[in-house]
Amino acid sequence: MSKFVKRSQLQKIYFDRVIHLYFEENLGYTQISHLVPIGRTTILEWVHRYLDSGLDEVIEMKAKKKKCYDRDHLKQYLH
């Protein structure tokens, strides 16, 4: 078994979690990248792809200040 995971497999595993953390929990790309084994650039691509795909209804984005959390608080979103 290979120790490397294909990008498509990572997307199947983590895409929904990344989208949830970004839109529902208001975490930034860097904060999310500390929680899941995905780089900031890939997270950015996934968010843009989600917005472009028209999934669900259009999400109304408001200018919000991103929350800052310590690592212990962020660990609750891993499960």
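Q: Why is Trp46 called buried?
A: A residue is buried under 20% relative accessible area, exposed over 50% and partly exposed in between, with a 1.4 Å probe and protein chains only. Trp46 has a relative accessible area of 0%, so the residue counts as buried.

Q: What kind of model is this, and how are its residues numbered?
A: This is a predicted model, in which local features need pLDDT of at least 70 and side-chain atom pairs count only at pLDDT 80 or more, while totals for chains, interfaces and linings use all residues. Residues are numbered from 1 along each chain as its sequence is written, and side-chain values use heavy atoms, with hydrogens and water left out.

Q: How many aromatic pairs does a search of the whole structure find?
A: The search finds five aromatic pairs. Rings of Phe, Tyr and Trp (its six-membered ring) pair if their centres lie within 6.5 Å; planes under 30 degrees apart count as stacked, over 60 as edge-to-face and the rest as tilted.

Q: Why is the pair of Phe15 and Trp46 called tilted?
A: The ring centres of Phe15 and Trp46 are 5.7 Å apart and the planes stand at 55°, so the pair is tilted.

Q: What makes this pair of Phe15 and Trp46 tie together parts that are apart in sequence?
A: Phe15 belongs to helix H1 (residues 7-23) and Trp46 to helix H3 (residues 40-53), so the pair joins parts 31 residues apart in sequence. Helices (H or I, at least four residues) and strands (E, at least two) are DSSP runs, numbered from the N terminus.

Q: Is Phe15 buried or exposed?
A: Phe15 has a relative accessible area of 13%, so Phe15 is buried.

Q: Why is the pair of Tyr22 and Phe23 called edge-to-face?
A: For Tyr22 and Phe23 the centres lie 4.9 Å apart and the planes are at 85°, so this pair is edge-to-face. Both Tyr22 and Phe23 are buried. Ring pairs also link Phe15, Tyr22, Phe23, Tyr29, Trp46 and Tyr50 into a cluster.

Q: Where is the kink in H1 centred?
A: The kink is centred on Tyr14 and is about 55°. The bend at a residue is the angle between axes fitted to the seven residues ending there and the seven starting there.

Q: Which residues touch the most other members of the largest nonpolar core?
A: A nonpolar core is a set of buried Ala, Val, Leu, Ile, Met, Phe, Trp, Tyr and Cys residues joined through side-chain atoms within 4.5 Å. Of the 17 residues in the largest one, Tyr14, Val18, Ile32 and Ile38 touch the most other members. H1, H2 and H3 are the elements that give two or more residues to this core, and H1 gives the most, with eight residues.

Q: Why is Asn26 counted as buried?
A: Asn26 has a relative accessibility of 13%, and therefore counts as buried. Asn26 sits in the loop between H1 and H2 and has a positive phi of about 55° although it is not a glycine. Most residues other than glycine have a negative phi.

Q: Where in the protein is confidence lowest, and where is it highest?
A: pLDDT is the predictor's confidence in each residue, from 0 to 100. Confidence is lowest in helix H4 (residues 71-74), at a mean of 61, and highest in H2, at 94. The protein averages a pLDDT of 76. Over residues 57-64, pLDDT stays under 50. Where pLDDT is low, the predicted coordinates should not be read in detail.

Key
Contact means heavy atoms within 4.5 Å.
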